[in-house]
Amino acid sequence: MTIADIAKLLQLECTSLCERNITGINTLKDAKEGEISFLSDSKYEKDLSITSASVVILPAAKAHLLPDGVVALISEETYLMVAKLSESFAKPIQSSDIQPIIGTGSIVYPTAHIENGAKIGSGCTIMSGVYIGTDAVIGDNVILYPNVSVYRDCVIGNNVMIHAGTVIGSDGFGYAHTKMGEHIKLYQNGNVIIEDDVEIGANTTIDCAVFGSTTIKKGSKIDNLIQIGHNCVVGEHCIMVSQSGLAGSTTLGRNVVMGGQSATAGHLSIAPFTTLAARAGVTKSIIKGGVYSGFPLMEHKLWLKLQAKLGKILQ
Amino acid sequence: MTIADIAKLLQLECTSLCERNITGINTLKDAKEGEISFLSDSKYEKDLSITSASVVILPAAKAHLLPDGVVALISEETYLMVAKLSESFAKPIQSSDIQPIIGTGSIVYPTAHIENGAKIGSGCTIMSGVYIGTDAVIGDNVILYPNVSVYRDCVIGNNVMIHAGTVIGSDGFGYAHTKMGEHIKLYQNGNVIIEDDVEIGANTTIDCAVFGSTTIKKGSKIDNLIQIGHNCVVGEHCIMVSQSGLAGSTTLGRNVVMGGQSATAGHLSIAPFTTLAARAGVTKSIIKGGVYSGFPLMEHKLWLKLQAKLGKILQ
Amino acid sequence: MTIADIAKLLQLECTSLCERNITGINTLKDAKEGEISFLSDSKYEKDLSITSASVVILPAAKAHLLPDGVVALISEETYLMVAKLSESFAKPIQSSDIQPIIGTGSIVYPTAHIENGAKIGSGCTIMSGVYIGTDAVIGDNVILYPNVSVYRDCVIGNNVMIHAGTVIGSDGFGYAHTKMGEHIKLYQNGNVIIEDDVEIGANTTIDCAVFGSTTIKKGSKIDNLIQIGHNCVVGEHCIMVSQSGLAGSTTLGRNVVMGGQSATAGHLSIAPFTTLAARAGVTKSIIKGGVYSGFPLMEHKLWLKLQAKLGKILQ
């Protein structure tokens, strides 16, 4: 797809290098030569000067910040343009001719479906109804219980156990919105990385990243029916109790504990060794570890005090 | 099954046309000749005069409202009677001899199971472990990711994407209760209709209607681990964020946004362009669009004010 | 595995009967001769004197409470020792050579996977993608909808209906923690027992017991996306509405109703005929049936009063 093709699709104007071929879409920071990127949030303005992208969609007022030789496609609705373009670069469900590789001593049940390009380590048990997508990589001594789905490109470490029905790598929930109130899907290009010694419960969902990776770090334990949004990072040795959730792009430090039905908003950072009580609702980043409760969130001691005061109101 | 058979099963008295054959059960409004209906909620009393049902179960005091020629079966426990009867008219899991029809260019993975009577449009991808029930209809360019289950009679439009593990058309949660505290299942007769351009996340559940349809309208986007109860209507271009839920028979207007873990009670109507913040809990219908928070629900501005006041209590 | 092997694995000291073979791990109360048990919670101290275990891991100060002839393995970190040992006694996924037994008139879809040792009664429908584990026992007239997973040893009664994607018997969420902040899995040895006439919705998860059974008693009805933790007991004729949850070892009396998104902490006992409103959060046992709301929980009438008072704060 040339820059001219992209400009035509998005009804934007191409002023230079229009015949150049573009092979992918990525963030300013991670884009490689030959890829297209975009500026939709001023937070990433600093990445303009260092991008290796060949073309960037951005508002007119920011075009002068681009390095020499990077083509600008000018739009005041950058995010919508990216969404409209993203389908063109979406990865297909199947894109490999290489027969899956299964390591020594691994058992694959006959109704499991392993796509081409996938690699499974040794000593694994891949049970009935499991799906493993194109180019996914599974480590050693992994147990995938029945009906687990692992989407393409996801990477699972060693000694990982994932219980029945859990979904790894489903599309993150990302849309741009038109003035008519329609939602245009931002196709999700990234993956999920699950490090060693992680256990994940049943019917949990972990979305792939829009670009890059959603990451579950070494030793974390994740219960049933939990939602982890796109681009989240769960630190080492975290504990997430059933029915808790992380909105997109939130990072948990190491040894964070999230109680049952607790949740965070997106784009937050939670300090290491933080404990969130059951039902805690986090809307701001937590800089200092401690025990927090309630929605809005407060120190657990304060929450107990508030409940005592509310009890007095009733008297 | 004759009216006499029904009367016998329910231990009610049949006084006329007892040999007439009854072929189905439905609401007063939608019942056709040859079907049985019921009055269990005075809200539907107005439908008695216009029903085409051949027989109606209803309390003695309401029998005089029936049109001439409609047989009355008198009971003061109508809902329990309907539940007890519903199994007799429950649709079987398989009831078609017609081989499924698969459109041009559609890919069906070998471990997918398509029941007889189902129709799949063109350009679809039906992945491993997917189940499509009897007489279900799938449009064009639909992607059903691994282990999605679509129950019988459900209808899915064009350009719909449903992520792994999601269940469409499971039975609504409806029971009548005996005086001994037992729960008698009301077999669910209806279906789910998903219109064009809808995307549904992973491990979400959308129950079929008890009668008629649970409906997700054009362009709505529904995240992971969401519950949509029987007979709900989700309007056009709605957004439902992860772990939110709709109890039965609630209607969302167009462009309603439901934040993460928000929920509504049943039988409500939510105005178009309403935004419900994360964790909002709705117990009354919302007549005017706006931004609402909290449980009990209030305008978001008021909720912020309340939290500020509660903060002061602590000082 | 001898007592000496166990002592070596856990770096504890064996002082007598070190060559004795140990065949399993269990609670003090349920351990049989030849098994190992442990005291990690003083609540169970009373069971020391009656245990039939051959060896018990316990703190030095409690060793004198053991019956004569029971070997003591002394540790001040009992729970961690048990977790480290539990993998050695974990039941394998497959451990039977006996072909599954399928009762008369039962239908098993071709992509269902039934392990050796499983028994299925008569008149059942085991749909596509269902998994039934080793030595599981399914009663008569059971419907398992597509992609249901039933782990090994689970027992399902007669006339049970389980909707698509639900997981029965996944591992309970139990870990011991090292001083370095790592979590050591306590392998779950128990099962789930579902009694007659239970209906379970879609994508719900019911964990197996760590020892013994998680039990759903006769006639209970459980909706979609519900979490039931290890060792819970749901009494007869309970109703659990969608997205509610029970943490481990909580017991519901008969005819308890749990509203949508309500939840309880672990190790509680909820009185029969208790109704928990939607979103109720229970942190203490409920001794007297009634209607309760809120988090922290209070009588529903009080909760309504509190909301009215809070409304006045805003004026």
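**A sheet, a helix pair and an interface**

Start with one pair: A:Ile239 has A:Val257, in β29(A), as its bridge partner. This is a predicted model, where local features need pLDDT of at least 70, side-chain atom pairs count only at pLDDT 80 or more, and totals for chains, interfaces and linings use all residues. Residues are numbered from 1 along each chain as its sequence is written, and chains are lettered from A and ligands numbered from 1 in the order in which they are written.

Back to the strands. β26 (residues 239–240) and β29 (residues 257–258) of chain A run parallel, joined by two bridges. Strands pair if DSSP finds at least two bridges between them. Strands (E, at least two residues) and helices (H or I, at least four) are DSSP runs, numbered from the N terminus.

Now the whole sheet. Eleven strands of chain A form an open sheet, with mixed pairing. The order is β6-β9-β12-β15-β20-β23-β26-β29-β32-β34-β35. At the edges sit β6 (107–108) and β35 (298–299) of chain A, each pairing on one side only.

Next, chain C. Which residues of α1(C) meet α2(C)? They are C:Ile6, C:Leu9 and C:Leu10, and they meet C:Met81, C:Lys84 and C:Leu85. Contact means C-beta atoms, placed from the backbone, within 7 Å.

Last, chains A and B. In contact are 32 residues of chain A and 35 residues of chain B. On the chain A side, β16 (167–170), β18 (183–185) and α3 (300–313) of chain A each give two or more residues. α3(A) gives the most, with four residues.

Technical notes
Contact = placed C-beta atoms within 7 Å.
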